[in-house]
Amino acid sequence: MITETDNPLPSIILTERAAQVFKEACEAEGSTLEDTFLRIGARPGGCSGWKYELGSCTPEEFGPNDVKILSRKVSVVVDREALTDILGPLKIDFSDKNRLTPHKTTSWFPKHASAKWVVLFDEC
């Protein structure tokens, strides 16, 4: 079950560009912001010990520890423990360019191979 929370949690902020790209992707796939959400996650693996994930999900895919945070009219879903213990405050951006700032960003490649999502940790 998804939980909308008023308790203080680390912030998740989408830039205007990231929110717009997500909205356009939903429209292109025939879905709405009411039935498609942005999911952020982390699981063991990768160079830092964690492999970060970014994707979409539907309400049927929520887990019992998930929380929903609204940013620029986009619902962002994340496991509460992952957010508080692993991810911390996040700023999510989207760029059509191949840019990566060392030690500050991690990128995920969506369906559009030439574009990338950029997540800035501790930038909020």
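These are my notebook entries on a predicted model of one protein chain.

**Entry 1: layout**

I began with the overall make-up. The protein chain holds two helices and nine strands. I read their order along the sequence as β-β-α-β-β-β-β-α-β-β-β. I then looked up burial, and 40% of the 124 residues count as buried.

**Entry 2: helix H1**

I turned to H1, residues 16-28. This helix has 13 residues and reaches 18 Å from its first C-alpha to its last. That is close to the 18 Å expected at 1.5 Å a residue.

Which residues of H1 are buried? I noted Ala18, Ala19, Val21, Phe22 and Cys26. They lie on the same side of H1, because they cover an arc of only 165° around the axis. On the other side of H1 I found Glu16, Glu27 and Ala28, which are exposed. A reminder to myself on spacing: an α-helix has 3.6 residues a turn, so residues three or four places apart point the same way.

I also checked what comes after the helix. Gly30 follows H1 and has a positive phi, near 75°.

**Entry 3: Ser31**

Ser31 sits in the loop between H1 and S3. Is Ser31 buried or exposed? Its relative accessible area is 17%, and buried means under 20%, so Ser31 is buried. I listed its contacts without residues up to four places away in sequence: Ser31 touches Cys26 and Thr36. Cys26 is one of the buried residues of H1.

**Entry 4: the nonpolar core**

I looked up the largest nonpolar core, which has 23 residues. Ile12, Leu14, Leu38, Ile40, Val78, Leu87 and Ile92 touch the most other members. Which elements give two or more residues to this core? I wrote down strand S2 (12-14), H1, strand S3 (37-44), strand S4 (50-57), strand S5 (66-71), strand S6 (74-79), helix H2 (80-87) and strand S7 (90-95). H1 gives the largest share, five residues.

**Entry 5: the aromatic pair**

How many aromatic pairs does the structure hold? I found one. The ring centres of Phe37 and Phe62 are 5.5 Å apart and the planes are at 25°, so the pair is stacked. The cut-off here is planes under 30 degrees apart.

I checked where the partners sit. Phe37 is in strand S3, and Phe62 is in the loop between S4 and S5. They are 25 residues apart, so I note a link between distant parts of the chain. Phe37 is buried at 5% relative accessibility. Phe62 is buried too, with a relative accessible area of 15%.

**Entry 6: Ser75**

Phe37 came up again when I looked at Ser75. Ser75 is in strand S6. At 8% relative accessibility, Ser75 counts as buried. I set aside its neighbours within four places in sequence. Ser75 is then in contact with Phe37, Leu38, Lys68, Ile69 and Leu70. Leu38 is among the core residues that touch the most other members.

Which backbone angle stands at Arg72? I read a phi near 55°, a positive value in a residue other than glycine. Lys73 is not a glycine either, and its phi is positive at about 70°. I then compared accessibility with the classes. Arg72 is at 44% and counts as partly exposed. Lys73 is at 66% and counts as exposed, because the cut-off is over 50%.

**Entry 7: helix H2**

Last, I went through H2. What caps the N-terminal end of H2? It is Asp79, with a side-chain oxygen 3.0 Å from the backbone nitrogen of Glu81.

The buried residues of H2 are Ala82, Leu83 and Leu87. Why do I place them on the same side of H2? They cover an arc of only 100° around the axis. Glu81 and Asp85 are exposed, on the face turned away from that buried side. Leu87 also stands among the core residues with the most contacts to other members. After H2 comes Gly88, whose phi is positive, near 70°.

Conventions:
Residues numbered from 1 in each chain as written. Predicted model: local features only at pLDDT ≥ 70, side-chain atom pairs only at ≥ 80, totals over all residues. Heavy atoms only, no water. Helix = DSSP H or I, 4+ residues; strand = E, 2+ residues; numbered from the N terminus. Expected span 1.5 Å × (residues − 1). Buried < 20%, exposed > 50% of the residue type's maximum accessible area, 1.4 Å probe, protein only. Arc of directions from axis to C-beta. Core = buried A, V, L, I, M, F, W, Y, C linked by side-chain atoms within 4.5 Å. Polar contact = N/O pair within 3.5 Å; in protein donor to acceptor, adjacent residues only side chain to side chain. Contact = heavy atoms within 4.5 Å. Phe/Tyr/Trp six-rings, centres within 6.5 Å; stacked < 30°, edge-to-face > 60°.
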